[in-house]
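Hi,

Here's the structure I promised to pass along.

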Amino acid sequence: MGISPTSRRMRLRALTGLSALALAAAGFAAAPAAQAAQDNRPAGEFAGQPHPYRHGAHPTKEAGNAAKPASNNLSYGGGVDGIGVTTGAPKVYLVFWGTQWGTQGTNSSGYTTLTGDPKGEAVRAQQLFKGLGTNSETWSGVMTQYCEGVAAGATSCPSGSAHVGYPTGGALAGVWVDESAAAPGQATGHQLAAEAVKAAGHFGNTTAASNRNVQYVVLSPTGTHPDGFNTPNGGFCAWHDWNGDTTLTGGAASSPYGDVAFTNDPYVTDMGSSCGQNYVNSGSAGTLDGVTIVYGHEYSETITDQNPAGGWTDSTGYENADKCSWNGVGGTGGAQNVTFATGSFAMQGTWSNGVNGCQVSHAIVH
């Protein structure tokens, strides 16, 4: 395509021109007036403030409604450092960053609880990732149609290619509450990547091979603004990347353990309905809808584009879940409740090249 994979995959939508009063009512500050729809920027670029490292950034509902992705299928990016997709069973390590999470405990189901977690996001995240790959769920099947080892630009995977792995028996591989210091109030991309590398060491994943099918989900405590989350120049609910991305704010983070894939998962409920609260379910049953929609979004994009943007993206830089964000509720591709062995979770659909559209269910491809 003539430009670097990182440059051609910039992906963050602009906030829409809501009034300051309306934004305040939604629980966050007013955004700049510049709009993606009034720009000539690529569809995946944040109007006025491009951040190429925010791969697969899950936009707020307002930002997502301002810039809808193209309907073309995803194509393979050729890999970065020889990595395109997660080919083994995906492993997710949850990293609760900072002393602000409070005192640890364990509930009757064995999940880690935290006194500084007013909405219960920690337990919900554990339930979600432990539940993936159980109950013969086929939400994860949508991702297994993608692969690596094909030519850059390919839009399909031949028989025998190395497909995205299915998380049989659950993806949750470990939980760590890093109480060594307070999490930054506004962590940079570099700091988030460095925390993921630190987590790799904590969990004993000290070789490139041990991190090959792994992602580290860095969860920041309530009231913090990692990389500008819940600020006027935010407009996103989460994003993912890898430690070696030189465009990270503060620069790439070195790793003695090989490439490390990570996600910036802020305290989603701080953004209320703008990040999905009650998107599928009403009342208290929907308080954490956004948590599982957003965390599932980033998980699905990491396993299909592990070292961005060497995996699967469309011609404008959107990844599989970007193309289905805030796509309505129900049907074959809208957000809806999906049942795993650990409970029922609001999940969004993801893009399927097989049907040229969004799906919440697809046969598992091996």
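C147 has 0% relative accessibility, so this cysteine counts as buried (buried means under 20% relative accessible area, exposed over 50%, partly exposed in between, with a 1.4 Å probe and protein chains only). Bear in mind that this is a predicted model: local features need pLDDT of at least 70, side-chain atom pairs count only at pLDDT 80 or more, and totals for chains, interfaces and linings use all residues. Residues are numbered from 1 along each chain as its sequence is written, and side-chain values use heavy atoms, with hydrogens and water left out.

There are 3 disulfides in the structure, a disulfide being a pair of cysteine sulfur atoms within 2.5 Å. Counting bonded cysteines along the chain, they pair up as 1-2, 3-4, 5-6.

C147 bonds to C157, with an S to S distance of 2.1 Å. The torsion about that S-S bond is about -95°, so the disulfide is left-handed. C147 sits in strand β6, while C157 is 10 residues away in the loop between β6 and β7 (helices, H or I, of at least four residues and strands, E, of at least two are DSSP runs, numbered from the N terminus).

Next up, C237 is joined to C275, again by a disulfide (S to S 2.1 Å). This link is left-handed too, with -95° about the S-S bond. Both C237 and C275 are buried.

Finally, C324 and C358 have their sulfur atoms 2.1 Å apart. Their torsion is about -100°, so this disulfide is left-handed. Both cysteines, C324 and C358, are buried.

Cheers
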